[in-house]
Amino acid sequence: MVFFEVEMQWNVLISPTELDAKGLLLQKAIIVRLMEEFASRKASKEHGYYVAVTSLNSIGEGKVRGLTGDVLFPVTFSCLTQKPAKGEILQGSVEKILKHGIFLKSGPMESIFLPEKMMKDYHYVAGENPVFLNDKHSKLEKDTIVRFKVLGFKWLEYDRQFQLLATLAGDFLGPI
Amino acid sequence: MSGEEEENAAELKIGEEFLKAKCLMNCEVALILDRKYEQLQQLSDDPTNQISQVFEKSMQYVKRFSRYKNQDAVRQVREILSRYRLAEFELCVLGNLCPETVEEAIAMVPSIKSKGRIHEDDAIEKMLNDLSLIKKFE
């Protein structure tokens with residue numbers, strides 16, 4: 001998983017009630033509002049997952065917005081983001097085992113599917129706690145850490161997250 | 001979209017933004033997120049609005065998958081890997097996955113051997129040895 005540090009510019013809206021504060025308090029209100037907006041946006045198709053704001057670089061001149069009296073501040077900041085790449089090798093843990101494959105999770109990515117067809121020589125073993133086994137008795141069960149390759153992914157606009165397709169086809173892939 | 005169809009991290013065929021961006025390894029991110037977390041606790045009485053699930057899951061993940069924990073070791077890892085002509089992306093994948101053999105390193109980051117790049121096995125082996133030494137003395 002590769003994390004990026006990028007600079008972005010967003011607009012932060014401050015309401016009139018917060019504008020009574022001066023100087024440092026106003027800056028704090030802007031920072032807090034930025035962090036809240038950052039946290040609530042979660043992710044975007046272009047940038048990937050919004051992990052954390054690392055620094056506030058500049059706050060531009062505020063512009064009053066029409067009737068409400070809110071003020072819009074353009075804020076330039078640096079932040080950490082994470083986005084999957086096709087062909088990338090990732091580590092994740094087994095979340096759910098189904099007959100046709102396994103659901104993995106890795107960091108902020110919660111929707112990773114590893115189809116049974118892509119699991120080399122592992123096969124499904126039913127039971128109260130189903131697992132995947134291979135001939136060398138290597139087991140894939142809940143919470144097993146697995147190294148896999150990203151076959152592909154897509155952005156789900158409604159859920160604001162990426163959905164990944166994984167494979168174990170390749171050297172040094174599989175449970176660790 | 002055609003951009004995504006041609007994309008292949010194994011060949012370092014990744015978007016412009018990936019190639020030009022500053023990349024961070026899990027251990028570097030762990031240090032940053034730890035500091036951020038503390039700052040956020042101090043900044044506000046109720047930081048739950050500023051700490052997203054993405055933040056928490058990322059923090060859990062990088063702490064779990066960081067081979068190097070202390071700041072000096074992390075700096076050394078970056079320093080050692082920077083001596084070799086690697087793209088930021090490749091550097092991070094190597095620093096994260098910590099391959100033990102040259103074979104494994106090439107399997108994890110195939111692009112270090114491709115595209116006419118001069119990364120001899122000897123150089124890769126030396127790099128891996130240097131990395132494992134940091135672990136021993138951390």
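How many bridges pair E12(A) and E14(A), and in which sense, parallel or antiparallel? E12(A) and E14(A) pair over 2 bridges, in the antiparallel sense. Some notes on that region, the interface and chain B follow.

1. Ground rules. This is a predicted model, where local features need pLDDT of at least 70 and side-chain atom pairs count only at pLDDT 80 or more, while totals for chains, interfaces and linings use all residues. Residues are numbered from 1 along each chain as its sequence is written, chains are lettered from A and ligands numbered from 1 in the order in which they are written, and side-chain values use heavy atoms, with hydrogens and water left out.

2. Strand E12 of chain A. Helices (H or I, at least four residues) and strands (E, at least two) are DSSP runs, numbered from the N terminus. E12(A) is mostly covered, with 9 of its 12 residues buried; buried means under 20% relative accessible area, exposed over 50%, and partly exposed in between (1.4 Å probe, protein chains only). Strands count as paired if DSSP finds at least two bridges between them. Back to the opening pair: in E14(A), Gly174(A) is the residue opposite Arg147(A). Strand E6 (residues 89-98) of chain A is also joined to E12(A), running antiparallel with 5 bridges, and here Leu90(A) faces Phe148(A) in E12(A).

3. The E12-E13 hairpin. E13(A) pairs with E12(A) over 7 bridges, again in the antiparallel sense. Look for Phe153(A) opposite Leu164(A) in E13(A). The two strands make a hairpin with 4 residues between them, and Arg160(A) in the turn has a positive phi of about 55°. As a reminder for anyone tracing side chains here, in a regular strand they alternate between the two faces of the sheet.

4. At 0% relative accessibility, Leu168(A) counts as buried. Leaving out residues up to four places away in sequence, Leu168(A) touches a list of residues that includes Leu114(A), Met118(A), Tyr122(A), Leu140(A), Phe148(A) and Gly174(A), where contact means heavy atoms within 4.5 Å. Glu5(A) is 163 residues from Leu168(A) in sequence, and the C-alpha to C-alpha separation is 29 Å.

5. Phe172(A), in that loop too. Phe172(A) is found between strand E13 (161-167) and strand E14 (174-175) of chain A. Its phi is positive, about 65°, although Phe172(A) is not a glycine. Phe172(A) counts as partly exposed, at 33% relative accessibility.

6. The A-B interface. Chain A puts 40 residues into the contact and chain B puts in 43 residues. Between them the chains bury about 3,600 Å², 65% of it on carbon and sulfur atoms. In chain A the residues that lose the most area to chain B are Phe3(A), Lys86(A) and Phe172(A), together 17% of what that side buries. Buried area here is the accessible area (1.4 Å probe) that two parts lose on being put together, summed over both.

7. The E9-E10-E11 sheet of chain A. This is an open sheet of 3 strands in the order E9-E10-E11, with antiparallel pairing. Strand E9 (123-125) and strand E11 (139-140) stand at the edges, each with a single partner strand, so one side of each is left without a neighbour in the sheet. Strand E10 (residues 131-133) is joined to E11(A) by 2 bridges, with Phe132(A) opposite Leu140(A). Asp143(A) has a positive phi of about 75° without being a glycine, and at 48% relative accessibility it counts as partly exposed.

8. Chain B overall. Chain B has 8 helices and 1 strand, in the pattern α-α-β-α-α-α-α-α-α along the sequence. The C-alpha trace spans about 55 × 45 × 20 Å along its principal axes. Of the 138 residues in chain B, 49% are buried. Among contacts in chain B with a separation of 6 or more, 64% are between residues 24 or more positions apart.
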